[in-house]
Amino acid sequence: ARMSADVWIEAKACESCGVAPEGAELNITYNLSGMLREAGFIGWSNLRGMDARQAGVHILAILDHMRADEPRWRAMNPENGWGDYDKCIQGRMRQWAKACAESPKGSTVGASL
């Protein structure tokens, strides 16, 4: 069984420099899925194939909502230490969501779940 979701932005590299967007890939443990679903996240499987900009806007709205009551979400950190609210969700996941929201038009979300 897979222990994490691998998601990425399927976008053309920059035409002038050939580089993919910064923060274009994210690997995040499923241990955080319950917390995210409770906050209103539509789920990793629903992101697959979605317009990357729309996915980014959705995730950023969820993360901003979570910031209004951070102690609640920190209390849901996995006991085994695999994944946490601050570094994984508000850190790496937010960086990826920003990259999605700013991705080239026509980009989609790829996922290995």
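Student: Okay, which helix does Asp-64 lie in?

Tutor: Asp-64 is part of helix α3. Keep in mind that we're looking at a predicted model.

Student: And how does Asp-64 count in terms of accessibility?

Tutor: Asp-64 counts as partly exposed, because its relative accessibility is 43%, and that class runs between 20% and 50%.

Student: At what angle do α3 and α5 pack?

Tutor: The angle is about 150°, and the axes are 7 Å apart. As for handedness, α3 passes α5 in a left-handed crossing.

Student: What kinds of residues make up the contact of α3 with α5?

Tutor: It divides into 13 nonpolar, two polar and five charged residues. On the α3 side you have, among them, Ala-52, Gly-56, Leu-60 and Leu-63, and α5 brings residues including Ile-89, Met-93, Trp-96 and Ala-101.

Student: Let's take Ala-101, then. Where is its place?

Tutor: Ala-101 belongs to helix α5, which covers residues 85-101. Ala-101 counts as partly exposed because its relative accessibility is 26%.

Student: What is Ala-101 in contact with, leaving aside neighbours within four places in sequence?

Tutor: Ala-52, Arg-53, Gly-56, Val-57 and Leu-60. For Ala-52, the C-alpha distance to Ala-101 is 6.5 Å, although 49 residues separate the two in sequence.

Student: Switching to the core: which residues touch the most other members of the largest nonpolar core?

Tutor: Trp-44, Met-66 and Trp-96, out of 31 residues in that core.

Student: Which elements each supply at least two residues of this core?

Tutor: The strands β1, β2 and β3 do, along with α1 (33-38), α2 (44-47), α3 (52-67) and α5. Helix α5 gives the most, with eight residues.

Student: You mentioned Met-66. What does it touch, not counting residues up to four places away in sequence?

Tutor: Met-66 touches Met-35, Leu-36, Ala-39, Trp-73, Tyr-85, Ile-89 and Gln-90.

Student: Now the sheet. What order do the strands have?

Tutor: It's an open sheet of three strands in the order β2-β1-β3, with antiparallel pairing. The edges are β2 (25-29) and β3 (108-112), each pairing on one side only. On average, neighbouring strands are turned by 25° against each other, ignoring direction.

Student: Where does α5 come into that, which strands does it touch?

Tutor: Helix α5 packs on the sheet and touches β1, β2 and β3. Its direction makes about 150° with that of β2.

Student: Over how many bridges do β1 and β3 pair?

Tutor: Five, in the antiparallel sense, with β1 covering residues 4-10. Trp-8 has Gly-110 in β3 as its bridge partner, and Asp-6 stands opposite Ser-112 in β3.

Student: And over how many bridges do β1 and β2 pair?

Tutor: Also five, and antiparallel. On that side, Ala-5 stands opposite Ile-28 in β2.

Student: Zooming out, how many helices and strands are there in the chain?

Tutor: Five helices and three strands. From the N terminus on, they run β-β-α-α-α-α-α-β.

How values were computed
Residues are numbered from 1 along each chain as its sequence is written. This is a predicted model: local features need pLDDT of at least 70, side-chain atom pairs count only at pLDDT 80 or more; totals for chains, interfaces and linings use all residues. Side-chain values use heavy atoms; hydrogens and water are left out. Helices (H or I, at least four residues) and strands (E, at least two) are DSSP runs, numbered from the N terminus. Buried means under 20% relative accessible area, exposed over 50%, partly exposed in between (1.4 Å probe, protein chains only). Contact means heavy atoms within 4.5 Å. Two strands pair if DSSP finds at least two bridges between them. Axes are lines fitted to C-alpha atoms, for helices over the stretch in contact, and angles run from 0 to 180 degrees between N-to-C directions. A nonpolar core is a set of buried Ala, Val, Leu, Ile, Met, Phe, Trp, Tyr and Cys residues joined through side-chain atoms within 4.5 Å. A crossing is left-handed if the near helix is turned anticlockwise from the far one by less than a right angle, and right-handed if clockwise. Ala, Val, Leu, Ile, Met, Phe, Trp, Tyr, Cys and Pro count as nonpolar, Asp, Glu, Lys and Arg as charged, and the others, Gly among them, as polar.
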